[in-house]
Structures are given as structure tokens and as C-alpha cells.
Amino acid sequence: MKSGENFSMLYSLADKLSGAVGASRAAVDAGFVSNDLQIGQTGKVVAPALYIGVGVSGAIQHLAGMKDSKCIVVINKDPDAPFFQIADYGLVGDLFTVVPELTSKI
């Protein structure tokens with residue numbers, strides 16, 4: 001996400017979907033968001049009907065916190081990101097292009 005300010009695009013998407021924003025440990029450790037948003041082995045466990053992982057590599061610690069989600073969508077510019085292996089749907093692309101476009105279409 002590069003900075004905490006960039007999470008605003010995720011909040012916009014989540015609002016349109018009546019969802020919530022979570023974060024990886026890396027985002028929390030970088031100070032982008034508070035630790036109450038952390039999903040994973042040392043954070044919260046979630047199992048929503050729709051989980052959209054944006055720019056998350058898919059580290060095993062994060063997967064432990066969301067693996068029971070019903071439908072997993074991954075958006076990542078790295079086609080080899082481990083998250084794609086468990087995704088129901090994956091989109092290889094730059095999140096700074098994909099997320100605003102997706103948000104505008106909803």
C-alpha cells in the first residue's frame with residue numbers, strides 16, 4: 001500500500017460493498033494502520049462471504065486469519081504471489097489502478 005494514506009481507497013471500496021478493512025502484519029508493522037485491523041495468526045480471524053486481498057502476498061500467518069472465507073479474491077501485481085494459490089478469483093494488476101476502477105464500477 002506504500003503508505004497509510006493509500007488505505008483510503010480500500011475504505012472507499014469497503015464502504016461500497018458494506019464491508020470492512022483489515023490489514024496484514026506488514027502494514028501494521030509499517031505503521032500504516034492500527035494493530036486492531038490486523039488479520040492473521042497474531043491478529044483477528046475473519047471468515048466473510050467475500051474476502052478481497054489487495055496487495056497482500058499471502059504469507060502463511062495472514063492466511064491463518066482468513067482461510068475460511070467463502071470467496072477469496074486477490075489483487076496483486078506479482079503473478080507468483082502465494083495468495084493466488086488459494087484464491088477463488090485472482091487479478092494480476094497494480095492495485096493503484098485496479099481498486100479505483102473497481103470501486104467506480106460498483
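This is a predicted model: local features need pLDDT of at least 70, side-chain atom pairs count only at pLDDT 80 or more; totals for chains, interfaces and linings use all residues.
Colleague: What volume does the largest pocket have, and how is a pocket to be read?

Modeller: Rolling a probe the size of a water molecule over the atoms shows where empty space is left. On a 1 Å grid over the protein atoms alone, a pocket is an open set of points where a 1.4 Å probe fits, with protein on both sides within 12 Å along at least five of seven lines; lining residues have an atom within 4 Å of a point. A volume is the space filled by probe spheres set on the points, which are joined across faces, edges and corners. Here, the largest pocket has a volume of about 720 Å³.

Colleague: Which residues lie nearest the centre of the largest pocket?

Modeller: Of its 32 lining residues, A20, V21, G22, Y51 and I52 lie nearest the centre. Two or more lining residues come from each of α1 (7-16), α2 (25-29) and β1 (50-54); helices (H or I, at least four residues) and strands (E, at least two) are DSSP runs, numbered from the N terminus. β1 gives the most to this lining, with 5 residues.

Colleague: How does the lining of the second largest pocket divide by class?

Modeller: Ala, Val, Leu, Ile, Met, Phe, Trp, Tyr, Cys and Pro count as nonpolar, Asp, Glu, Lys and Arg as charged, and the others, Gly among them, as polar. The second largest pocket, with a volume of about 170 Å³, has a lining of 4 nonpolar, 9 polar and 1 charged residues. The lining of the largest pocket has 22 nonpolar, 7 polar and 3 charged residues.

Colleague: Which residues have the most contacts inside the largest nonpolar core?

Modeller: A nonpolar core is a set of buried Ala, Val, Leu, Ile, Met, Phe, Trp, Tyr and Cys residues joined through side-chain atoms within 4.5 Å. Buried means under 20% relative accessible area, exposed over 50%, and partly exposed in between (1.4 Å probe, protein chains only). The largest core has 17 residues, and F7, L10, A23, V33 and V99 have the most contacts inside it. Its largest share, 5 residues, comes from α1. A second, separate core of 11 residues includes I39, L63, A81 and A87.

Colleague: Is S24 buried or exposed?

Modeller: S24, in the loop between α1 and α2, is buried because its relative accessible area is 16%. Contact means heavy atoms within 4.5 Å; leaving out residues up to four places away in sequence, S24 touches Q38, V56 and H62. G22 also lies in the loop between α1 and α2, but counts as partly exposed because its relative accessibility is 28%.

Colleague: How many salt bridges does a search of the whole structure find?

Modeller: Side chains of opposite charge can pair when their charged atoms come close. A salt bridge is a side-chain nitrogen of Lys or Arg within 4 Å of a carboxyl oxygen of Asp or Glu, and the search finds 2. One joins R25 and D29 (3.3 Å, N to O), which both lie in helix α2, 4 residues apart, about one turn of the helix. The other joins D68 and K67 (3.9 Å, N to O).

Terms used. Residues are numbered from 1 along each chain as its sequence is written. Side-chain values use heavy atoms; hydrogens and water are left out.
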